[in-house]
Amino acid sequence: MKHRIVVLGAGYAGAFAAGNLARRLSPADTEITVVNAVPDFVERMRLHQLAIGQDLAFRKLADVFAGTGVRLRLARVTGLDPERRAVVVNGVDGDGELAYDTLLYALGSSVAHHDVPGVAEYAFDVTGLSSALRLRERLAGLGEGGTVLVVGEGLTGIETVTEFAESRPDLSVALAARGELGAWLSPKARRHLRQAFDRLGITVHEHTGIEAVEPTRAIAADGTSIPADVTVWSAGFAVHPIAAAGGLEVAETGQIVVDRTMRSVSHPDVYAAGDGAYAIGENGRPLPMSCASAGYTNMQATAAIIARLTGSEVPTTGLKYYGNHISLGRRDAIFQMVDGEVRSKSWYLGGRTAAWLKSGVLKGAGWSIVHPTFGIPRRKRRLATTPDRAGVRVAA
């Protein structure tokens, strides 16, 4: 019986991991299935561009995995039963269960509402394809002088508000920041950020926590009313409660607690990568939810899965967070390096060069995922032993 590997999610972490597994493991011994809710590979880091009206071409996952041996199941994951090693799905091919011997959980994250009244009913976000398309339709119908408020001063909030302001100068665009804008950046990078906001005409409401969202305004903690025909919520990410509900050990964030190899500490046949993994970096701190972390964790998870299935020593990949790369529209960006304590270094790169580098990073990440067979070895690795259904290797 072939060893069944099921990958949940085909975002940056899941899609790359599935392709990597298919490149390196023999199909004579393994069967790889990817479960994803939508038929496309969605570049999440570019959804704010899609929302403001830019035309982006997303590749069909069926085309991405064509010829790799990877099976694609278009479905939503509705339940996990790690004791029975089963995934409950609901999709176009009907409801059902998928049995696995090894599971890679890479379902990512969604916007965190923080129980703020009105966010679920009236706010928009750019964390998923359907929500970005919904926002795109709303913004397309917004005439000159319309007001847009982006809530959240993190990377997503900054990239979203600057993209909107640059692409739609006819709109009045603002950002609500709970603290000081760019407080975590180095002084020079912070000045660069403020100059970009001034150049783009973005209004900044600093030290302004939003306590409620209504159809045409947001209410700050001090009672101030901020006009907003459209409120875009980017005040953090949250993971799906499905892992916790299934009995996996999770952190307070709901992320799956993993060891250094991205293996669940409670269920050794389950691995996690991307935003759903509570992984400790080399500095002793949890890795942030980010595309960079998705890359580190999926490489470690796939390396560990391959090594354990083929009887090899499990290698360790780097888990160091190097910095933040922030787009400020299409022609400007900031690349801020950080030290081992995640404190901004004095050096930063800004302007067109940083924007060009960010564009290259995005293109490179997308290209590597949609070309999963590039560099495929002539001989794939066979399983050293025959894994039983508990994930423990026994002699063949």
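The structure holds 19 salt bridges, in a model that is predicted.

**Salt bridges between distant parts of the chain**

- Arg 71 and Glu 31 join through their side chains in a salt bridge, at 3.3 Å from N to O. Arg 71 belongs to strand 3 (residues 71-81) and Glu 31 to strand 2 (residues 30-36), and the two are 40 residues apart.
- Arg 71 is partly exposed at 48% relative accessibility, and Glu 31 is partly exposed at 23%.
- Glu 163 and Arg 330 form a salt bridge with an N to O distance of 3.0 Å. Because Glu 163 lies in helix 6 (residues 155-167) and Arg 330 in the loop between strand 19 (323-327) and strand 20 (333-338), the pair ties together parts 167 residues apart in sequence.
- Glu 163 is buried, with a relative accessible area of 0%, whereas Arg 330 is partly exposed at 34%.

- The side chains of Asp 339 and Arg 343 meet in a salt bridge at 3.2 Å, N to O. Asp 339 is partly exposed at 23% relative accessibility, while Arg 343 counts as exposed at 52%.

**Packing of helix 1 and helix 10**

- Helix 1 (residues 12-24) packs against helix 10 (residues 352-370) at about 45 degrees, with the axes 8 Å apart. The two helices are therefore oblique to each other, and their crossing is left-handed.
- Tyr 12, Ala 15 and Phe 16 of helix 1 meet Ala 365, Ser 368 and Ile 369 of helix 10. Five residues of this contact are nonpolar, one is polar and none is charged.

Methods. Residues are numbered from 1 along each chain as its sequence is written. This is a predicted model: local features need pLDDT of at least 70, side-chain atom pairs count only at pLDDT 80 or more; totals for chains, interfaces and linings use all residues. Side-chain values use heavy atoms; hydrogens and water are left out. Axes are lines fitted to C-alpha atoms, for helices over the stretch in contact, and angles run from 0 to 180 degrees between N-to-C directions. Helices (H or I, at least four residues) and strands (E, at least two) are DSSP runs, numbered from the N terminus. Angles under 35 degrees count as roughly parallel, over 145 as roughly antiparallel, 65 to 115 as roughly perpendicular and the rest as oblique. A crossing is left-handed if the near helix is turned anticlockwise from the far one by less than a right angle, and right-handed if clockwise. Contact means heavy atoms within 4.5 Å. Ala, Val, Leu, Ile, Met, Phe, Trp, Tyr, Cys and Pro count as nonpolar, Asp, Glu, Lys and Arg as charged, and the others, Gly among them, as polar. A salt bridge is a side-chain nitrogen of Lys or Arg within 4 Å of a carboxyl oxygen of Asp or Glu. Buried means under 20% relative accessible area, exposed over 50%, partly exposed in between (1.4 Å probe, protein chains only).
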